[in-house]
Amino acid sequence: MTNIEIIPSITVRTQKEVEEKIRAVENYVGWMHLDAADGDFAPNKTWGDPVALHDIDPGVFIEAHLMVAEPENVIDAWITGNSEEKDSGVARIYFHYEATSQHAEIIKKIKDAGKEAGIAILPETPITVLDEFLNDVDAVLIFAGSLGYYGGSFNAEASLVKISTLRQEYPKLTIEVDGGMNPETAKQAVEAGANAIVSGSYIWNSNDPKKAIEELQESVS
């Protein structure tokens with residue numbers, strides 16, 4: 001498999017931190033992953049303002065990971081950014097399977113707006129719950145981290161079978177893995193069939209984020 005995306009995650013409390021992290025690595029990656037946690041579905045609350053995000057104009061594609069209860073209540077803002085252009089600037093939107101009962105409606109809204117729709121699942125959630133949606137979404141996020149925080153350990157036992165099963169059944173699906181990603185675990189995830197790796201702690205706790213990204217890319221090449 002080629003074209004494995006290394007995607008730095010942004011889990012912060014202020015818009016200034018979002019902009020700083022984007023500027024630090026936008027020349028080395030194609031995508032960045034913004035965690036928007038509400039303090040309800042996720043125990044922590046992070047910065048997540050699609051209206052302000054519209055004005056940042058990053059040099060990368062942005063995907064939003066909505067760690068929020070009832071995402072149907074906020075999805076319109078994440079699609080449009082409440083802007084005159086009716087575009088938040090977000091290219092891909094993940095919402096959690098566990099956070100809503102309106103999966104099909106949310107997917108349709110995202111797709112109708114010309115954006116990529118993705119579903120995220122927690123480690124304890126079986127992938128079989130996604131069967132009715134997988135022909136309609138562009139991506140699945142296998143989440144193994146801590147909601148609303150950097151860090152978390154990669155649960156290989158829970159995740160690798162999910163990844164390989166999805167890849168066998170949906171060869172064109174974007175399968176993204178988030179949580180405990182370092183060169184060793186990223187390689188395991190990609191060998192199982194993932195084609196996008198989200199990394200937070202490994203990149204941002206490094207003295208050299210560019211080098212950390214290169215190490216992750218080398219491990220999956």
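These notebook entries record what I looked up in a predicted model.

**Entry 1: aromatic pairs.** I searched the whole structure for aromatic pairs and found one. It is formed by W31 and F61, whose ring centres lie 5.1 Å apart with 35° between the planes, and it is classed as tilted. I then located the two residues in the sequence. W31 belongs to strand β2 (residues 31–37) and F61 to strand β3 (residues 61–67), so the pair ties together parts that are 30 residues apart in sequence.

**Entry 2: surroundings of W31.** Is W31 buried or exposed? I noted a relative accessible area of 9%; because buried means under 20%, W31 counts as buried. I also looked for charges over its ring. The charged end of R92 sits there, 4.0 Å from the ring centre. Elsewhere, K21 lies over the face of W204, at 4.7 Å from the ring centre.

**Entry 3: strand β3.** I next examined how far β3 is enclosed. Six of its seven residues are buried, so β3 is largely enclosed by the rest of the structure.

**Entry 4: partners of β3.** Which strands are joined to β3 by bridges? I recorded β2, which runs parallel to β3 and is joined to it by seven bridges. I also recorded strand β4 (residues 90–96), likewise parallel to β3, with five bridges. I followed H65 of β3 as an example. D35 stands opposite H65, and in β4 the bridge partner of H65 is Y94.

**Entry 5: from β3 to β4.** Finally, I traced the chain between these two strands. It passes from β3 through helix α3 (residues 75–80) to β4, and this β-α-β crossover is right-handed.

Terms used. Residues numbered from 1 in each chain as written. Predicted model: local features only at pLDDT ≥ 70, side-chain atom pairs only at ≥ 80, totals over all residues. Heavy atoms only, no water. Phe/Tyr/Trp six-rings, centres within 6.5 Å; stacked < 30°, edge-to-face > 60°. Helix = DSSP H or I, 4+ residues; strand = E, 2+ residues; numbered from the N terminus. Buried < 20%, exposed > 50% of the residue type's maximum accessible area, 1.4 Å probe, protein only. Lys NZ or Arg CZ within 6 Å of the ring centre and 35° of its normal. Pairing = 2+ DSSP bridges. Right-handed = clockwise from strand over helix to strand, strands pointing away.
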